[in-house]
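Hello,

I am handing over the structure below. Please open it alongside this note, which goes through what was found in it.

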Amino acid sequence: MTAPLSRPSPDQASSSAPSTPTKPKRTKTTNAAYPFNKAAADAILRTADNVDFWVRRSILAEASCIFEDMLSIPQPPPGALDDDDTKDGLPVICLTEDSQTLDKLLRLCYPIEDPEFTSLDELRPVLEAAMKYMMEEATSLLRARLVKLGHSQPLRAFAIACTLDLTQEAESLVPLAYTAHCAFVDELKDISAGVYYRVSHYMAKCTGPKHSGSGSKKARPVSISASVLEPPPSPKPRCSHSHSHTRTESVAEPIPPELLDSPTADVILRTSDAVDFRLHAQLLSLASPVFRRMLEDRKAERSCDPPDKENGSTCHGVIFVSEDSTTLAALLRHVYPLPRPTPSSFPALKSLLIAAHKYELAPALSSLRPALQSYLPTEALRVFALAHRFNLPDVRAAAARSLLRVSYQELRHRYVEELEEIPAADYFRLLVYHDQCGQAASACVLAHALSYSGASPSSSPSSSPNASPNPGRTHRRSNSSGATETPTASAAPTNANTTSSSGSPPTSTHRRESSHRSERLPAPPADPARDMRACAPAKKRGSTCHVFLDERSAGAWAHFRAHSAPRWWLMYVYKLALVVRNRPWGDGALDRGLWRSALARAAECDACRANFLPGFREYAEGLGAEIERAVAKVKLEIGGSSAPTGNVAKA
C-alpha cells in the first residue's frame with residue numbers, strides 16, 4: 001500500500017525554490033472535540049483561542065442568516081496551500097468568541113442534545129453570541145433559560161436582560177430583582193443608575209394611588225418602556241440664595257461679534273440652529289485635539305462651500321457641529337480671550353460641560369469646577385452625577401460629602417435625570433458610603449456616651465480613650481439646690497474614662513464644700529462627665545433625674561439598661577445617635593428638636609441646671625466636631641473594580 005502524497009514542508013519548499021520569499025509561520029491551532037472534528041465538514045470556524053471547529057455550511061446557514069452570508073464566500077481552489085484563511089482546502093472564518101462559547105452555541109444549532117447552563121456566567125456569552133449571529137431558535141431557548149436562572153440570581157439576570165435589551169425578560173424579572181436590589185452584583189456596572197433606582201422603588205410604584213384598588217403588592221407597573229420602567233419625574237430645581245437671581249431669569253449671554261464676523265477667519269462652524277461662527281483654525285487646533293482632527297479631515301476632503309456673497313469674503317470651509325449657538329458661544333469663550341460669565345442655569349452648565357468633554361477642552365473643564373461646586377448643597381446629587389461622568393474626583397467627593405446633609409431615606413427617594421448617565425454600580429457605592437458614614441457617626445455617639453458615663457471604652461464598637469470632647473468653657477458652679485460635690489470631686493476634674501468598681505458613674509454624697517476651699521481653687525473647665533455626678537443617685541436620700549433605658553432600646557446601648565444617667569442627657573445622646581445614623585452630619589448635635597428637649601428637661605433638675613446647663617452649647621458643638629472627624633475617616637469607594645464593602649438598606 002503506497003503512502004499518501006504529502007505537501008512539502010516549508011523547509012523543503014525553501015530549499016527547492018530559494019527565490020520564493022518565506023511566508024510567516026501559521027498560528028498553531030487545535031481541533032475541537034466531537035462532533036466538530038469530522039472530515040465531512042466543508043468549513044472551519046476558528047475561535048479567539050485558536051480552536052478550529054469543523055462545521056457544515058448547510059446547518060449553520062439554516063440556523064443563522066449571518067453565517068449564511070459569511071459562508072457564501074467562494075471555495076478555495078483545489079490543492080491550495082494552507083494559510084490563515086485556508087486549512088486542508090477549506091475556508092477558515094475567524095470569530096471573536098472563545099471555544100467554550102462557540103461549542104455551546106453550535107450544539108444548540110446541531111441536531112444533538114442541547115448543552116446545560118447552570119450559571120449566568122456560562123449563559124451570558126452564549127446568549128450574546130446567539131443574538132450577534134441572529135440565531136432565532138438558540139436565542140429563544142437562551143432567553144427562557146435566563147429567566148429560569150434569574151430565580152436564584154434575580155438582580156444579575158435583570159441587569160443582563162437590560163444590557164441586551166431583552167425587554168420582555170427584564171419586565172418579568174423586575175419583581176424578583178426588587179427583592180435582591182440591596183446586594184451588590186458586578187452587572188450593575190452595565191446598567192444605568194436610573195434603571196437601578198426604578199427597580200429599588202418598584203413596589204412603591206406598584207402600590208401607589210393608581211394601584212390602590214387592587215391592594216396587592218404583586219400589581220404590575222403602570223407602563224413598561226424600553227428602559228424597562230419609566231423614569232419618575234425629576235424634582236423641581238431648588239434655588240439657593242447665590243443662584244436665585246440668575247436661575248430665575250436664565251437669560252442667555254449675547255454672542256460676541258468676534259466669533260461671528262471676524263475678517264481673518266478661515267473656517268466656519270455651523271451649529272444645530274444654523275448659526276455660523278467664523279473662526280480661526282489655528283486657535284481651534286491649539287485648544288482642542290478634537291477640533292484639530294476635524295480640521296484635518298476637512299482639509300483632506302479639499303472641498304469648500306461657495307463664497308459668502310453678503311460679506312464678499314473668500315471661501316470658508318464649513319464644519320457642522322451638533323451644539324446650539326448658545327452652548328458653542330460659551331465654549332468658544334474658553335478658546336478665545338473673551339470674558340467667561342458663569343452659566344446662568346444648571347442645564348446651561350451641564351450642556352457646556354458636555355461640550356467641553358466632547359472636544360477635550362481641559363482648560364474649560366478645569367475652569368468650570370467652581371461653577372459646578374457652587375450648586376452644592378441644593379443640587380448635590382446632580383453635581384455628583386456630572387462630576388462622576390466627567391471624571392472630576394474632587395467635585396464628586398465634595399458632592400458625596402454634601403449629600404450627608406440629607407437623610408438616607410431622602411437620598412434613596414431622590415431622582416434626577418442625570419442618574420440615567422452614570423453606572424448603577426457607582427450609584428450603589430454612593431448609597432453604601434452614606435450608610436457607612438451613618439454607622440460611623442452613630443458609633444461615635446455611642447462611644448462618647450459610654451465614655452462619659454464611666455463605662456469601659458472597649459464596650460463600644462469604635463470608641464477611643466479620648467473620645468469625649470471638652471467644651472473648653474470655664475464657669476463657677478452654681479449651687480442653688482444646696483447640694484455640692486465632695487472635695488475630691490471638685491478639687492481635681494475627673495477624666496471621662498474614670499470608672500467605679502461596678503462600672504457605673506461614681507456617686508456623690510452631696511455634702512457642702514467649705515467656702516475657703518472653693519476660694520482657694522480655680523474654677524475647673526466645664527466637664528459634663530464630672531458635672532453629671534452632681535446629679536448621681538444618692539444612696540440614702542433625694543430624688544434625681546436619673547433613668548435607665550428599657551429593653552426596647554438598641555442592643556449596643558445595653559450598658560444603660562443597667563447603669564442610670566440623667567434622663568435629659570441620656571435621651572439626648574440616644575436620640576442623637578438615631579439622628580446621625582440616618583443623617584450623618586455634625587450639626588445634628590445642635591438639632592433644634594433635640595436641643596430644646598434637652599434644655600427643657602435639664603432645667604427641671606436643680607443639679608443639672610446649675611452644673612451642666614451653662615456649658616451645654618459648647619458641649620454639643622464639641623460632640624458635633626467629634627462626629628465630623630469620625631465621618632471624615634470613611635472613604636468613598638468610587639471607580640474601583642472590587643465590590644463595595646457593604647450593602648444598602650431598603651428604601
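Rings of Phe, Tyr and Trp (its six-membered ring) pair if their centres lie within 6.5 Å; planes under 30 degrees apart count as stacked, over 60 as edge-to-face and the rest as tilted. This is a predicted model, in which local features need pLDDT of at least 70 and side-chain atom pairs pLDDT 80 or more, while totals for chains, interfaces and linings use all residues. Residues are numbered from 1 along each chain as its sequence is written, and side-chain values use heavy atoms, without hydrogens and water.

There are 17 aromatic pairs in the structure. In one of them, Tyr 572 and Phe 616 have ring centres 5.3 Å apart and planes at 65 degrees, so the pair is edge-to-face. Tyr 572 lies in helix H26 (residues 567–582) and Phe 616 in helix H29 (residues 616–632), so this pair ties together parts that are 44 residues apart in sequence. Helices here are DSSP runs of H or I with at least four residues, numbered from the N terminus.

Both residues are buried (under 20% relative accessible area, with a 1.4 Å probe and protein chains only; over 50% is exposed, in between partly exposed): Tyr 572 has 2% and Phe 616 has 1%. The rings of Tyr 572 and Tyr 619 have centres 6.5 Å apart and planes at 50 degrees, so that pair is tilted. Tyr 619, in helix H29, is 47 residues from Tyr 572 and is buried at 0%.

Ring pairs join Trp 568, Tyr 572, Trp 595, Phe 616 and Tyr 619 into a cluster.

Regards

How values were computed
Helices (H or I, at least four residues) and strands (E, at least two) are DSSP runs, numbered from the N terminus.
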